[in-house]
Amino acid sequence: MKTGAGILIDSLKELGVEIIFGYPGGAVLPIYDELYEADIKHILVRHEQAAVHAADGYARASGRVGVCLSTSGPGACNLVSGIATANMDSVPVVALTGQVPTEMLGNDAFQESDITGITMPVTKHNFLVKDVKELKRTVKEAFLIAGTGRKGPVLIDLPKDVLTEKINPEDLYSDVPDLKGYKPTYKGHPNQIKKALDLINESKKPVIYAGGGVIAAGASGELVRFAEMFEIPVTTTMMGLGAIPAKHPLNLGMLGMHGTEYANYAITECDLLIAIGARFDDRVTGKIEHFAPDANIIHIDIDPAEIGKNIAVNIPIVGDAGQILADMIERGKPGEQKGTEWTKQVHKWRENHPLKIIDDGKLHPQSVIRKLSEILNGEGIIVSEVGQNQMWAAQHYSFKNPRQWISSGGLGMMGFGFPAAIGAQYARPNEHVVLIAGDGSFQMNIQELGTVAQYRIPVKMVILNNMYLGMVRQWQELFYEKRYSYTDLPEVDFVGIARAYGIPGRKVESADDIEESLRKAIETDGPYLLDFRIEREENVFPMVPAGAGISEMIGKHETDDKGDD
Amino acid sequence: MSQHILGVLVENRSGVLARVSGLFSRRGFNIESLAVGTCESPDMSRITIVAGGDDLHIEQIKKQLNKLIEVIKVTDITERSHVARELALIKVNADPGQARSEIMQIAGIFRAKIIDVGQKTLVVEVTGDCEKIRAIEDLLKPYGITELVRTGVVALQRGESTNPTNK
């Protein structure tokens with residue numbers, strides 16, 4: 001005989017779970033009692049929100065399902081923003097929550113919340129297990145749903161009596177039932193693929209717009225081969241960074257609100273747009289009528305609901321990006337390469353309109369990111385918070401590989417980065433994991449210094465400190481006549497706070513110290529905090545103002561004209 | 001902008017209706033009517049949803065519904081030959097005398113039934129498409145409708161063509 005909690009732990013082990021990020025409480029004590037001697041690692045975070053972000057960071061860095069655990073009521077509710085983050089970015093996370101005993105459900109018992117009701121809109125699916133016999137099957141079902149098709153978070157709510165009830169493991173329902181309503185499509189329709197290939201051959205100015213779906217599908221290799229085969233320039237969304245190496249000759253960098261000028265020009269001028277695992281988010285498209293206005297559009301996505309949602313598409317192809325690209329590579333005819341005039345034009349834009357960096361001896365955030373990229377040779381795992389720090393990292397780090405860039409895209413979740421970095425470090429213990437944070441976002445989950453200190457997690461924390469909520473301040477500067485309403489932050493002694501946790505750190509105030517301080521942090525065993533006091537009113541440029549077309553950028557490189565010649 | 005009738009076959013589990021209706025509200029889709037009940041297979045239910053919108057809108061509704069794990073099949077019944085019915089119960093003021101006999105005549109014409117007779121009221125049961133129900137409602141209004149309840153449309157495709165639960 002085994003308790004429900006024991007069954008749960010056995011089921012997780014069977015599914016290959018090695019690590020859980022969690023926080024204990026009354027309703028999940030039976031699980032914690034089992035964890036006391038289980039050979040699953042448990043990381044005690046300092047806030048449940050960090051548990052779900054860490055599981056998310058683990059999943060993004062490893063490609064596997066991340067697992068977090070919280071108690072009922074307040075613990076479960078603290079997971080919500082993290083679950084929503086995973087949902088918006090299609091990250092496979094299984095969230096386990098405690099619940100009051102089934103007989104008390106719905107009675108407003110102590111620490112009760114209807115967490116399945118609360119999380120219905122922000123999960124891919126969720127379960128309330130009312131019968132211990134269902135437990136093993138539900139866990140399997142949850143992992144299957146989270147980790148296949150368009151991936152996403154799944155929550156399992158576990159009433160305390162289900163966890164304590166004893167059952168003979170042979171009496172469990174263990175097979176996942178046929179999920180009649182869940183049949184993801186992986187293979188692209190051959191006719192659609194043929195039509196797409198025809199359109200590619202007819203086009204003169206094609207561009208690929210690749211999103212996070214390429215990385216989720218593990219399709220980066222196919223993307224690069226496909227782009228090379230037809231010689232098509234590639235621009236990626238922020239979520240797609242790393243899908244093609246930054247220095248690849250066909251890579252145009254990021255597009256959209258803070259994309260490169262050349263990516264946005266290429267999108268505006270192209271006659272064929274091939275969207276792969278991307279969802280035409282408003283931060284990418286700008287004003288939708290001005291987005292690829294003259295282009296036919298091929299849209300490859302595993303989620304049929306994304307196709308035609310924001311923009312009309314000529315050729316939809318539903319399926320797995322890797323399989324579809326592999327099919328296209330196989331069926332496409334070599335020697336039909338595109339390019340020449342078009343790729344020459346694109347290269348010219350890239351040469352004439354590079355990302356701006358200022359070389360005036362002052363401490364600029366772009367220089368910090370570029371130097372970091374140089375020191376790590378474009379490798380390592382870069383996790384960002386949300387805001388200016390995120391955009392500078394996205395623009396200036398030269399990513400070489402997928403799953404190297406971890407950032408909250410869809411939800412734009414401040415406080416995500418630090419705990420996600422913890423998860424990423426456990427997913428890939430041999431990599432350098434560097435957190436890029438702002439002083440505002442770092443303070444959103446600063447309590448996780450406790451977790452980092454307790455387990456000596458070697459995350460390097462790079463704070464780009466301008467004593468502002470920088471991105472909001474930038475918008476106030478540009479669109480609200482510099483009325484900096486509640487966006488300035490007082491000076492904080494981050495190094496002192498780190499020291500209180502026993503973590504070494506350094507405040508950096510001069511551009512001359514960037515390289516040395518970064519090297520010192522990276523060479524130090526264990527965690528290290530760097531507090532870079534950057535130029536206070538530095539902006540992220542170029543920028544497409546909300547509601548403008550993506551070629552209507554402000555803060556462009558040299559001139560206001562496109563400099564086509 | 002047109003009205004569509006969607007037949008949605010779902011697994012018969014608790015919370016499914018909340019998922020379906022919640023999806024409509026949070027994505028800004030408007031439900032005009034929704035009727036739900038178990039169907040020929042006890043582990044499934046059939047939901048009939050009437051929703052308005054242009055083609056893109058309806059397409060998006062269908063796709064989003066299909067994303068729900070417990071939704072097995074979504075069929076746009078409007079596009080096919082179908083039968084659609086709604087049931088309404090109408091409580092109407094009917095003093096004994098002239099009014100009462102007039103109401104009974106109207107009910108007869110609409111092939112509606114009188115299912116309750118009170119001292120001063122009648123309850124009329126009427127089945128049909130939305131237009132028929134609107135028509136009888138309009139005719140009964142002058143007598144004073146005190147309560148009215150409608151089930152929402154239920155619909156099936158005509159003939160052999162089915163959306164079966166055993167596939």
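Q: How much area do chain A and chain B bury between them?
A: In this predicted model, chain A and chain B bury about 1500 Å² between them. Of that area, 54% is on carbon and sulfur atoms.

Q: Which three residues of chain A supply more of its buried area than any other three?
A: Those are A:Met120, A:His125 and A:Lys180. Together they supply 36% of the area that chain A buries against chain B.

Q: And how many residues are in contact?
A: On the chain A side there are 19, and they are in contact with 19 residues of chain B.

Q: What's the count of salt bridges between the two chains?
A: The count is 2. One of the salt bridges joins the side chains of B:Lys67 and A:Asp303, at 2.6 Å from N to O.

Q: Why does that pair count as a salt bridge?
A: The pair counts because its N to O distance is 2.6 Å, and the cut-off is within 4 Å for a side-chain nitrogen of Lys or Arg and a carboxyl oxygen of Asp or Glu.

Q: Which residues are the closest to its centre?
A: The pocket is lined by 43 residues, and the closest to its centre are A:Arg150, A:Asp303, B:Gln64, B:Lys67 and B:Leu68.

Q: What's the lining like by class?
A: It has 16 charged, 14 nonpolar and 13 polar residues.

Q: New topic. Where does UniProt put the ACT domain?
A: An unreviewed UniProt entry lists "domain: ACT" at residues 5–79 of chain B. That span is 41% strand and 32% helix, and its end C-alpha atoms lie 9 Å apart.

Q: What about chain A, which feature sits at residues 193–327?
A: UniProt, again in an unreviewed entry, places "domain: Thiamine pyrophosphate enzyme central" there. Residues 193–327 of chain A are 34% helix and 20% strand, with the end C-alpha atoms 8 Å apart.

Q: And residues 386–532 of chain A?
A: For those, UniProt lists "domain: Thiamine pyrophosphate enzyme TPP-binding", also from an unreviewed entry. Here the chain is 39% helix and 16% strand, and the end C-alpha atoms are 17 Å apart.

Note on methods
Residues are numbered from 1 along each chain as its sequence is written. Chains are lettered from A and ligands numbered from 1 in the order in which they are written. This is a predicted model: local features need pLDDT of at least 70, side-chain atom pairs count only at pLDDT 80 or more; totals for chains, interfaces and linings use all residues. Side-chain values use heavy atoms; hydrogens and water are left out. UniProt positions are given in the numbering used here, feature names are shortened, and annotations may be inferred rather than shown by experiment. Helices (H or I, at least four residues) and strands (E, at least two) are DSSP runs, numbered from the N terminus. On a 1 Å grid over the protein atoms alone, a cavity is a set of points where a 1.4 Å probe fits but cannot get out, and a pocket is an open set with protein on both sides within 12 Å along at least five of seven lines; lining residues have an atom within 4 Å of a point. Ala, Val, Leu, Ile, Met, Phe, Trp, Tyr, Cys and Pro count as nonpolar, Asp, Glu, Lys and Arg as charged, and the others, Gly among them, as polar. Contact means heavy atoms within 4.5 Å. Buried area is the accessible area (1.4 Å probe) that two parts lose on being put together, summed over both.
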